[in-house]
Amino acid sequence: MDRFLLMTCFARAVETGSFSAAGRDLGIGQPNVSRNIAALEDHLQTRLLHRSTRKLTMTPEGERYYEEARRILDSVIESESSLRKHAEATGLLRVACPTALAHAFVVPRIPEFLDRYPAVSLDLQFSDRYAGLVDEGAELAIRIGHLDDSSLRSRRVAHFERVCVASEDYVSRHGSPERPDDLRQHECVVYTLLASGHTWRFKNADVSVSGRLRVSSPEAGRDAVVAGVGIGYGPAWLFAAGLESGRLKRLLSDYEAPPVPIQMLYLVSRLLPRRATVFMDFIAEIFAEVPSLNVASPSVR
């Protein structure tokens, strides 16, 4: 029995979310992954995974075994890498990314990354819903906001301002709010996947807003604000074009909350392969070039 292979199959099934994906990743096919995990469970005399037609779920025993198995597998990777004086970045890297941020700043630079590291493949998973790294099967995640999960480590790569904006047309018809609380009397375009829900955060004030339009896409919300549907709230870089052209007006500038961090997250229990560390370095490098992602640079007013 090749216990290392069985352990690898189990870990990749957990991280990819299915036997089929693990089989493709390992190049051995879904039936072999299924057989190997069944053999591992038989050897351990315990069930590690609940199977269903929709997804795999770890049992409590599976969660404990996964943490130990991941440490062992990472130790082997690290030991092998340390023997190579100049370890090459290789393999498939899965990265979870917020949709609008990725389309604005990451995707346009991906050809450069792939040219720089020809032995690396990328699986970019776009979603604005928060999920754990294991649930997403990702080694890295680009996250907006502060870290509150002790099982994760982070590297801060940028920070930006959140702004409140409206079109000149909306302001001419409805006026401008003077204080954050005034937003309760205004039509607001609500982004439904915002981490704080319908609450917009300002300096020393959190305001629950409402409006007739709710969207699950930041870009759709921006376009609706530009069209005069209502007041919007979000990253300054999302509204930069409208602010520069004069189609949008920045509101409540004196009440803006402190800058929001953008972080690269990874599991505490996992040693990062070189493909992950070079990707983090690359993201930090390209974000450093964007004024709106660096507080030292003036924002569009």
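1. A word on terms before we start: two strands count as paired if DSSP finds at least two bridges between them. With that in hand, look at strand β7, residues 162-167, which pairs with β13 in the antiparallel sense over four bridges. Within this pairing, A166 stands opposite K249 in β13. Please keep in mind throughout that this is a predicted model.

2. Now widen the view to the sheet around that pair. Three strands make up an open sheet in the order β12-β7-β13, and the pairing is antiparallel. Here β12 (232-235) and β13 (248-251) are the edge strands; each has a single partner strand, so one side of each is left without a neighbour in the sheet. From one strand to the next, the twist averages 45°. Helix α9, residues 218-226, packs on this sheet and touches β7, β12 and β13. The direction of helix α9 makes about 40° with that of β7.

3. For orientation, here is the chain as a whole. The protein chain contains eleven helices and 14 strands. Of its 301 residues, 46% are buried. If you take contacts between residues at least 6 apart in sequence, 73% of them join residues at least 24 apart.

4. The aromatic side chains deserve a visit. A pair of aromatic rings is described by the distance of the centres and the angle of the planes. There are nine aromatic pairs in the count. In one of them, F10 and Y65 have ring centres 5.6 Å apart and planes at 55°; planes under 30 degrees apart would count as stacked and over 60 as edge-to-face, so this pair is tilted. The pair links distant parts of the chain, 55 residues apart: F10 sits in helix α1 (residues 3-16) and Y65 in helix α4 (residues 60-82). Both F10 and Y65 are buried.

5. A second pair to find is F160 with W237, which is edge-to-face, with 6.3 Å centre to centre and 75° between the planes. F160 belongs to strand β6 (residues 152-160), while W237 is in the loop between β12 and α10 (240-245), so the pair ties together parts that are 77 residues apart in sequence. F160 and W237 are both buried. They also belong to one aromatic cluster, together with F105 and F287.

6. Next, the interior. In soluble globular proteins, nonpolar side chains tend to be buried together. The largest nonpolar core in this model has 46 residues, and those with the most contacts inside it are L140, I142, I262, F279, I283, F287 and L293. Helix α11 (residues 274-287) gives the largest share of this core, nine residues. At least three residues of the core come from each of domain 2 (91-158 + 260-293) and domain 3 (162-251).

7. Finally, is R54 buried or exposed? Residues over 50% relative accessible area count as exposed, and R54 is at 80%, so R54 is exposed. You will find R54 in the loop between β1 (49-51) and β2 (56-58). The C-alpha atoms of R54 and S18 are separated by 9.0 Å, although these residues are 36 apart along the chain.

Definitions and conventions. Residues numbered from 1 in each chain as written. Predicted model: local features only at pLDDT ≥ 70, side-chain atom pairs only at ≥ 80, totals over all residues. Heavy atoms only, no water. Helix = DSSP H or I, 4+ residues; strand = E, 2+ residues; numbered from the N terminus. Axes fitted to C-alpha atoms, helices over the stretch in contact; angles between N-to-C directions. Contact = heavy atoms within 4.5 Å. Phe/Tyr/Trp six-rings, centres within 6.5 Å; stacked < 30°, edge-to-face > 60°. Buried < 20%, exposed > 50% of the residue type's maximum accessible area, 1.4 Å probe, protein only. Core = buried A, V, L, I, M, F, W, Y, C linked by side-chain atoms within 4.5 Å. Domains from an automatic or database assignment.
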